[in-house]
Structure formats: C-alpha cells, structure tokens
Amino acid sequence: MTKDGGKQDKKAQQYGVTPQSVDFNDWYNEVVKKADLADNSPVAGAMVVRPYGSTLWENIQRWLDDKFKATGHESLIFPTLIPMGFITKEADHVEGFAPELFTVNKIGTEVLSEPYVMRPTSETIIGHMWSGWLNSYRDLPFLHYQWGSVFRAELRTKAFLRTSEFFWHEGHTAHADETEARGEVRQMLDIYHEFCRDVLALPVVRGEKTASERFAGAVATYSIEGMMRDGKALQSGTSHYLGQNFSKAFDVKFQTREQREEFAHTTSWAISSRIIGAIIMTHGDDFGLIMPPRIAPIQVVVIPVGRKDNFDQMVAEGEKLAAELRAQGLKVKVDKRDGVTNGFKYNDWELKGVPVRIELGPRDLESGVVVVKNRNGDDKETLPRAEAVGGMTARLDGIHDWLLNRATSFMLENTVTVDTYEEFKAAIEAGKWVRAFHCGDPESERQIKEDTKATARNVPLDDAEFFNEAEQGVCVHTGRPAAYGKRVIFGRQY
C-alpha cells in the first residue's frame, strides 16, 4: 500500500464509512444515513427524507419548476388514487405496471366494487380528464406537469434509487400533431441534459431506448444515462412520445381546423428523486459526499474556532462573515455547536459534502485572514478575508467544473468499444460500459441480460455529447446486420 493510500484509509476510518473500493454498496448506504440525507421508515421499502436531503430535493424542484414555467408549462394536482379500470385500458401499460401496483380494496369497512391503485404514473387519469377538457385544436397544446409521490412495489430497495414510494415530477402534454409532440419530447430531454451538466455537474448520454426498454405504452422513449463510480448505469431522466395510444384509450380527441375529428398526440417525461442517488454515486469519495455547488443545501460552512472564553465572540464574528457571503446570494451555515471538537466538525461537514469550509479563529481575525478548504482538495489556504469572500462564487464554479471534468473522464475511461461477444462479456464483468452493434432483436437483448446482467441503456442521438458516431456493423450477439446505424451502449444498471 502506498503512503498516500494508507493515509486515506486511516482518514476514511475516522469518518466511519466503508471505502468505496472495499464495498460500494455499503459505502452508499452508510453515506445516505450518516450524512443525514434519509433514514429507514416503518413502512416497508419506503424512506424518510431528512432535512438535509429534503432541502437538496427542494433545490432540485426549484430549478426544474422555474424551467418548466419558462417553457410554458402549467402545474396541476391529481389524486394519488387511480381507478383500476383506467390502468387496464391501455394494454401495454397494464402489462408493464401490473407487477408493481399497490392496490386499495377497501375504504373503512366498505369493500370497493372496483379497486383503486396507488399512482404508479398518471397517464391514464390525466387522459381521462383531458377527454373532458379538450374540444378544439384551439385548446392545444396542453402543457401540464405535477409534483408528487408515486408507488411501485420493489423487492430490493435502496434509498433514493429504488423505493416503494418515491418523489418526482411528471410532465404530460397533448398536441395536435406528431411533429409538435416529438419536439416537446426532445425539448424536455435537452432540459434534463442541461440541468445535469450545468447544475449537477453530471455528464449524461442522451439517446433513444431500444424497443424492449421503452416505457409501457410509449411509441418512443428517450433517456439520459449516467455512469456511477462503480461503473453501473443510472437512468437519470426519461422523455416519452406516446403517440395516440393513450388518447385512443381515453378518447382524447379534438376538432381540427378542417373540422375533422382526431386524437391528440401525447407525451410524458420525468426526473425523480433517484437523481439524488446519481449525485451521491457520481461525486462521492471514500470520505462521503461532494455536493455540486450549484444545488448544495449548504455551499459554505463557517466554523468559528475559539476557546471557551471567546467562543461566543468567534460565533458572532462567524455570523458577520456569513452575512457577507449571503449578500452574494450564497447558502451559508455557521457551525455554532459547542462541546464537540473542531476535528469532529471538519469531518462531519466533509462527510456531508459541503463544497467549501472556512475556519475563523482569534488570530485569523486579528490578521484579517481566514482559512479556506475546498471539499474536493486536501490543502488549506490562508487568504485575506476580502479576497476569500469576493472570490467565493468563482471558487464554487471551479469546484463545479472539477466535478464535471472528473466524472466525464471517468465515464470515458470506463467505456469500451467491442466487436465480439467474448469481449462484450469480459468488459461487462469488469464493470465497464460497452459500445457495441446490435440487431435490435428483443429476444437477443433478453439473452444478453441473462448472460451478463447488462441491458441496452440507449442509442445515443446524433447530436448527443458522447458516443454519437454513425457506424455500420454486425450485431455483437447474433451476427446479423446492426439496426441503428451506430453502436448501442450496454451496461449493468441500478
């Protein structure tokens, strides 16, 4: 073991989290709990999101909600309960969701003649309401979304990633024609890409899902896929073109300019609370979280350093420093805890991933300096107070760029191009993403998954940021001609 490696192992032990290299799953579960993001609940498969995690989710909601409204979408609120008959109206939809449904058969002592299901997604009930709201082409487009919980039975749960109840927004829109609807699908996919790259510092691949990976009832599904630091893929957002499938099932039709009656073309799209899992697993290290600065609940923590006889004075000075930083629009916390060591505080805030820590002691105050440490670095800097305050926004932007560059390099270094099935299997077993030609046969995808536990993540779009090269070849599994004019990304998934 190297000298640095030994130092890191010792430091990780002080934090009380299992290093990623020892057991990534244990590391994740410990960080979620010890960083106060979420805890287990008495409801099987569900989590309690604690204030630190809830504030992070609120920040995510705020950015996305502003973007939705800026693009003309309006929010609404639908019931959590959906009549079972609605779910069964669209054949692919019911087949896709039947194993995951929570069913309500009784209210009080009354047994229901028709059960309700707890909302797994809302295409059906929204379609039902749209059928009463839509009359003419003049009413379109409908641009709607809602925030809320959804419920899907999960055998193996993991906080934020797979829970029986999770949180999201779901967008639903209706359009007069296919071109406009597909434009909506792409617009929302690009918004998700922008959010991940520019706010969360997450590199993601935009692409279309293969037929066997589509949303139940969709004509086309598009996704953004991110690589976690264990090499697994996480589907981080989806946007679906639903064609007229749900419109026909729920009679969502309108009169055209030419006085014809037509069914609307609909879409749906979503990012869920699993994006918090992506933040943790893309940016974390052996010592805990590293929060992307632009979404962090706390961007700067100020730690007053003093003795018992001057601690209150240093807290007051810390509050003054925090006020200067807040005047720039930054989220700042002053750690006023008494009775715990400074070392404990430093470790605690590093575990929580706060991007920047400022230490302020009596000698620093006399000298007009502060001690600054970035969460993504080991070294401390002693800076003039005015310089530290004035340069904080640029410092946070630098941390964002560092996180994005690190994650991008990791994804590129751990994605391999293969042409044989033996190479394919070896790369997947090594925890890589694989770029390979595929014939598009769902049965072939099923066999690949059975052999390797890998699934087709997506077929990158022509203007995707990564892996978008047009190529021709033969299927890595069947030897038949490739179906997509480019390579498909395969990987094991969360």
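Q: Is N59 buried or exposed?
A: N59 has 8% relative accessibility and therefore counts as buried, where buried means under 20% relative accessible area, exposed means over 50%, and partly exposed lies in between, all with a 1.4 Å probe and protein chains only. This is a predicted model, in which local features need pLDDT of at least 70 and side-chain atom pairs count only at pLDDT 80 or more, whereas totals for chains, interfaces and linings use all residues. Residues are numbered from 1 along each chain as its sequence is written, and side-chain values use heavy atoms, with hydrogens and water left out.

Q: Where does N59 sit, and what is it in contact with?
A: N59 lies in helix α3, residues 51-70; helices (H or I, at least four residues) and strands (E, at least two) are DSSP runs, numbered from the N terminus. Leaving aside neighbours within four places in sequence, N59 is in contact with I295, A296, P297 and K331, contact meaning heavy atoms within 4.5 Å.

Q: Switching to sheets, what is the strand order in the open sheet of five strands?
A: The order is β16-β15-β17-β18-β19, with mixed pairing; two strands pair if DSSP finds at least two bridges between them. β16 (332-334) and β19 (380-384) are at the edges with a single partner strand each, so one side of each has no neighbour in the sheet. From one strand to the next, the twist averages 25°, with axes taken as lines fitted to C-alpha atoms, for helices over the stretch in contact, and angles running from 0 to 180 degrees between N-to-C directions.

Q: How many bridges join β17 to β18?
A: Four bridges join strand β17 (residues 356-360) to strand β18 (residues 369-374), and the two run antiparallel. Within that pairing, I358 has V372 in β18 as its bridge partner.

Q: Which strands does helix α10 touch?
A: Helix α10 (residues 311-326) packs on this sheet and touches β15 (300-304), β16, β17 and β18, its direction making about 175° with that of β16. Helix α11 (residues 342-352) also packs on the sheet, touching β15, β16, β17, β18 and β19, and its direction makes about 175° with that of β15.

Q: And the open sheet of three strands, what order does it have?
A: There the order is β4-β6-β5, with antiparallel pairing. The edge strands, β4 (81-83) and β5 (103-107), each pair on one side only. On average, neighbouring strands of this sheet are turned by 50° against each other, direction ignored. Between β5 and strand β6 (residues 110-118), which run antiparallel, there are four bridges, and V104 stands opposite Y116 in β6.

Q: What covers the two faces of β23?
A: In strand β23 (residues 488-491), V488 and F490 on one side and I489 and G491 on the other are all buried, so both faces are covered in the sense of accessibility. β23 pairs in the antiparallel sense with strand β21 (residues 433-436) over three bridges, and R435 has I489 as its bridge partner there. Strand β22 (residues 455-460) is also joined to β23 by three bridges and runs antiparallel to it, with T455 having G491 as its bridge partner.

Q: Where is E469 found?
A: E469 is in the loop between β22 and β23, and at 39% relative accessibility it counts as partly exposed. Neighbours within four places in sequence aside, E469 is in contact with R435, G485 and K486.

Q: How many aromatic pairs turn up in the whole structure?
A: A search finds 14 aromatic pairs, where rings of Phe, Tyr and Trp (its six-membered ring) pair if their centres lie within 6.5 Å, and planes under 30 degrees apart count as stacked, over 60 as edge-to-face and the rest as tilted. The rings of F166 and W168 have centres 5.9 Å apart and planes at 80°, so that pair is edge-to-face. F166 counts as buried at 13% relative accessibility, and W168 counts as buried at 9%. Elsewhere, W57, F68, Y145, W147 and W269 form one aromatic cluster.

Q: Which ring does the charged end of K232 sit over?
A: The charged end of K232 sits over the ring of Y494, 4.9 Å from its centre, the criterion being NZ of Lys or CZ of Arg within 6 Å of the ring centre and within 35 degrees of the ring normal. The charged end of K352 sits over the ring of W349, 5.6 Å from its centre.
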